[in-house]
Amino acid sequence: MKKLTLMAVAVLALSGVLHLASVQLDRAGGATDGNTFYFYNWGDYIDPELLEKFEEETGYRVVYETFDSNEAMYTKVQQGGTAYDLVIPSEYMIDRMIQEDMLMELDHSRIEGMDNLVKDFLDQPFDPGNRYSIPYFWGTLGIVYNETLIDGESLDSWDDLWSPALKESVMLIDGAREVMGLSLQSLGYSLNSTNDQALQEAADKLDGLVPSVKAIVADEIKTYMIQEEASVAVTFSGEAADMMWENENLHYVLPEEGSNLWFDNMVIPKTAQNPDAAYAFINFMLEPENAAQNADYIGYSTPNEAAMELLPEETISDEQFYPSEETMDRLEVYENLGPEYLGIYNDLFLEFKIQRN
């Protein structure tokens, strides 16, 4: 009897191991039971309460994973190890994924709430007619500074970052497009330039920025600025909003030469196993109450005009985060430059980083 009991325990244990292995294999291969929704998003880019609300309202179980760059997301989706149902890429990456036939064309008859979106944020060049993507958040790239630490320095321009008074004071975001772009714009060029001479001029000018740079990092910028371990940083608008919430001495400006206007949109990869869940989530996020809650929690600007009516007046009237039409005219959207020029941008930026180290 004891042997039978031990055998039964062993069989049950083995069954448990095999079941776990099966679940893990299914997970890796993107298998789904029809009630699971695989969502791939930027880190800290949705109010967790909304994920719980979505599960309660729809019955779908959310499996949530995050990435820290468009390139990392692209590689993982391309490899197909996990069949994500919904992903949030940026505009230039959406363009690339469309060209490489990685995205499902959307059935707009299944989408509810498109009328809530700001018309100017639809039909962008990277996705004409929004055939493949629906706006999620938008924002800008700018300068955040601590008024108590810059000793009266003016910070209205990208050029101001080169000031000798800012020696070892500037935190730069770790991105080739962002850093090369600000140098190009400081010289009067487009941040999407594919002019070799303009790119070399921008790279040469960055050499002169090395003495100002304290560090080239990513998420760490927020901590440095909040704790007043740095006085100036180049960062995204939503990150700046978080910092300003934590430290009242911080301010965010859009440089007078112009800057980047970016969009992060919802897309359904062709490898998705549960597009029904993806459409359900798109519709969920287009509801004004949900979009407003997400914008209030994250700090980025919502493209949902109906949601803006639910946000505090001081939020939507703040031109740092909801710029005037005049300011918007000076902003540029990143374009997909193709592998050749993306490689050139990356190489020039890497040379700059090596100098900094």
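**Figure 1**
Helix α9 comprises residues 275-286, and 9 of its 12 residues are buried, which leaves the helix mostly covered.

**Figure 1. The open sheet β2-β1-β3.**
Three strands, in the order β2-β1-β3, make up an open sheet in which the pairing is parallel. Strands β2 and β3 stand at the edges with a single partner strand each, so one side of each is left without a neighbour in the sheet. Helix α2 packs on this sheet and touches β1 and β2, its direction making about 150 degrees with that of β2. Helix α9 also packs on the sheet, where it touches β1 and β3, and its direction makes about 55 degrees with that of β1.

**Figure 2. Strand β1 and its bridge partners.**
What fraction of the residues of β1 is buried? The count is 7 of 7, so β1 is largely enclosed by the rest of the structure. Strand β1 is joined to strand β2 (residues 61-67) by 7 bridges, and the two run parallel; within this pairing, T36 has R61 of β2 as its bridge partner. The pairing of β1 with β3 is likewise in the parallel sense and has 2 bridges, with F39 standing opposite L86 of β3.

**Figure 3. Strand β5 between two covered faces.**
Strand β5 (residues 170-173) is covered on both faces, with V170 and L172 buried on one side and M171 and I173 buried on the other. In a regular strand the side chains alternate between the two faces of the sheet. Strand β5 pairs in the parallel sense with strand β6 (residues 213-217) over 4 bridges, and L172 stands opposite I216 in β6.

**Figure 4. The crossing of helices α5 and α6, with S186.**
The axes of helix α5 (residues 176-186) and helix α6 (residues 196-207) come within 9 Å and cross at roughly 100 degrees, which means that α5 is roughly perpendicular to α6. From α5 the contact is made by V179, M180, S183, L184 and S186, and from α6 by A198, L199, A202, A203, K205 and L206. Is S186 buried or exposed? S186 is buried, with a relative accessible area of 11%. Apart from neighbours within four places in sequence, S186 is in contact with W158, D159, W162, K205 and E257.

A306 belongs to helix α11 (residues 305-308) and touches N116 and P288 when residues up to four places away in sequence are not counted. Although A306 and V118 are 188 residues apart in sequence, their C-alpha atoms are 8.7 Å apart in space. H251 is found in strand β8 (residues 250-253) and is partly exposed, with a relative accessible area of 25%. Residues up to four places away again not being counted, H251 touches I143, V144, Y145, E147, M244 and Q320. For H251 and G113, which are 138 residues apart along the chain, the separation of the C-alpha atoms is 34 Å.

**Figure 5. Confidence along the chain and the segment 1-31.**
The chain has a mean pLDDT of 90, with 90% of its residues reaching 70 or more. Over residues 1-31, by contrast, pLDDT stays under 50, and the model has 14 contacts beyond four places in sequence for this segment. Where pLDDT is low, the predicted coordinates should not be read in detail.

How values were computed. Residues numbered from 1 in each chain as written. Predicted model: local features only at pLDDT ≥ 70, side-chain atom pairs only at ≥ 80, totals over all residues. Heavy atoms only, no water. pLDDT = per-residue confidence, 0-100. Contact = heavy atoms within 4.5 Å. Expected span 1.5 Å × (residues − 1). Buried < 20%, exposed > 50% of the residue type's maximum accessible area, 1.4 Å probe, protein only. Pairing = 2+ DSSP bridges. Axes fitted to C-alpha atoms, helices over the stretch in contact; angles between N-to-C directions. Parallel < 35°, antiparallel > 145°, perpendicular 65-115°, else oblique.
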